[in-house]
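Student: I have a new model open on my screen and would like to find my way around it. Could you take me through it step by step?

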Amino acid sequence: MPFRINYVTPSTGASAGYHVVQQVALDYVSGLTNATVASYLDSAAKDAGRFAMYTQQIHISELPGAGVDAREFAESSLVAAAPTDGSASSYPNRYVFAGAEIVA
């Protein structure tokens, strides 16, 4: 499912508000999930077939559990808040979508 949050794109400084996980890759050796996220101005821009304003890969430091859909795992992980117990990921863009609202 797409998610909404205002995100200032690094390439242009423009704000994108609608984000879609386009690809998910699972790295079983490293224990990582890699999500490719495309950011759009809004849902109307995406629905009109516009190009994404920005696309980035985000590394999630775990794999989905057995039987869990990889895309749903990536989406729920991307919008989750960073842990405060010192176990937060050190990847620079890992929590850019924390607090986003998943939409239908």
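Student: How many bridges join strand E1 to strand E2?

Tutor: Happy to start there, and do keep in mind that this is a predicted model. E1 covers residues 3-8 and E2 covers residues 15-27, and the two run antiparallel. One of the pairs to look for is Val-8 with its bridge partner Ser-15 in E2. The number of bridges joining E1 to E2 is four.

Student: Which residue in the turn of the E1 and E2 hairpin has a positive phi?

Tutor: Look between the two strands, where the hairpin has six residues.

Student: What is the order of the strands in the open sheet?

Tutor: Let's build it from the pairs. E1 is joined to E2 by four bridges, and E1 is also joined to E5 by two bridges, running antiparallel. E2 pairs with E3 over nine bridges, and seven bridges join E3 to E4. Put together, the five strands have the order E4-E3-E2-E1-E5.

Student: Why is one side of E4 and of E5 left without a neighbour in the sheet?

Tutor: Strand E4 (54-60) and strand E5 (101-102) stand at the edges of the sheet. One side of each is left without a neighbour there because each has a single partner strand.

Student: Which residue in E5 stands opposite Arg-4?

Tutor: E1 and E5 run antiparallel and are joined by two bridges. Follow Arg-4 across to E5 and you reach the residue opposite, Glu-101.

Student: Which residue is the bridge partner of Gln-23 in E3?

Tutor: E2 and E3 pair in the antiparallel sense, and their hairpin has four residues between the strands, with Gly-31 taking a positive phi near 70°. Going from Gln-23 over to E3, the bridge partner is Thr-36.

Student: Which residue in E4 stands opposite Val-37?

Tutor: Here you cross from E3 to E4, which run antiparallel and share seven bridges. The residue opposite Val-37 is Gln-56.

Student: How many of the nine residues of E3 are buried?

Tutor: Take one side at a time. Leu-32, Asn-34, Thr-36, Ala-38 and Tyr-40 are buried on one side, and Thr-33, Ala-35, Val-37 and Ser-39 are buried on the other. E3 is therefore largely enclosed by the rest of the structure, and its count of buried residues is nine of nine.

Student: Is Ala-38 buried or exposed?

Tutor: Ala-38 lies in strand E3. Setting aside neighbours within four places in sequence, its contacts are Tyr-18, His-19, Val-20, Gln-22, Ala-52, Tyr-54 and Thr-55. With a relative accessible area of 0%, Ala-38 is buried.

Student: What is the relative accessible area of Ile-5?

Tutor: Ile-5 is found in strand E1. Leaving out residues up to four places away in sequence, Ile-5 touches Ala-16, Gly-17, His-19, Phe-97, Ala-98, Gly-99 and Ala-100. The cut-off for buried is under 20%, and Ile-5 counts as partly exposed because its relative accessible area is 22%.

Student: At about what angle to E2 does H2 run?

Tutor: Helix H2 spans residues 70-79. H2 lies across E1, E2, E3, E4 and E5. Its angle to E2 is about 130°.

Student: Is Glu-75 buried or exposed?

Tutor: Glu-75 is found in helix H2. Apart from neighbours within four places in sequence, Glu-75 is in contact with Met-1, Val-21 and Ile-102. Its relative accessible area is 3%, so Glu-75 is buried.

Student: How far apart in space are Ile-102 and Phe-73, C-alpha to C-alpha?

Tutor: Ile-102 has its place in strand E5 and counts as partly exposed at 39% relative accessibility. Its contacts, leaving aside neighbours within four places in sequence, include Glu-75, Ser-76 and Val-79. Ile-102 and Phe-73 are 29 residues apart in sequence, and their C-alpha separation is 12 Å.

Student: What volume does the largest pocket have?

Tutor: Find its lining, which includes Ile-60, Ser-77, Pro-83, Arg-94 and Tyr-95. By class, that lining has six nonpolar, four polar and two charged residues. The volume of the largest pocket is about 150 Å³.

Technical notes:
Residues numbered from 1 in each chain as written. Predicted model: local features only at pLDDT ≥ 70, side-chain atom pairs only at ≥ 80, totals over all residues. Heavy atoms only, no water. Buried < 20%, exposed > 50% of the residue type's maximum accessible area, 1.4 Å probe, protein only. Contact = heavy atoms within 4.5 Å. 1 Å grid on protein atoms, 1.4 Å probe; cavity = no way out; pocket = protein on both sides within 12 Å on 5 of 7 lines; lining within 4 Å. Points joined across faces, edges and corners; volume = space filled by probe spheres on them. Nonpolar A, V, L, I, M, F, W, Y, C, P; charged D, E, K, R; others polar. Pairing = 2+ DSSP bridges. Axes fitted to C-alpha atoms, helices over the stretch in contact; angles between N-to-C directions.
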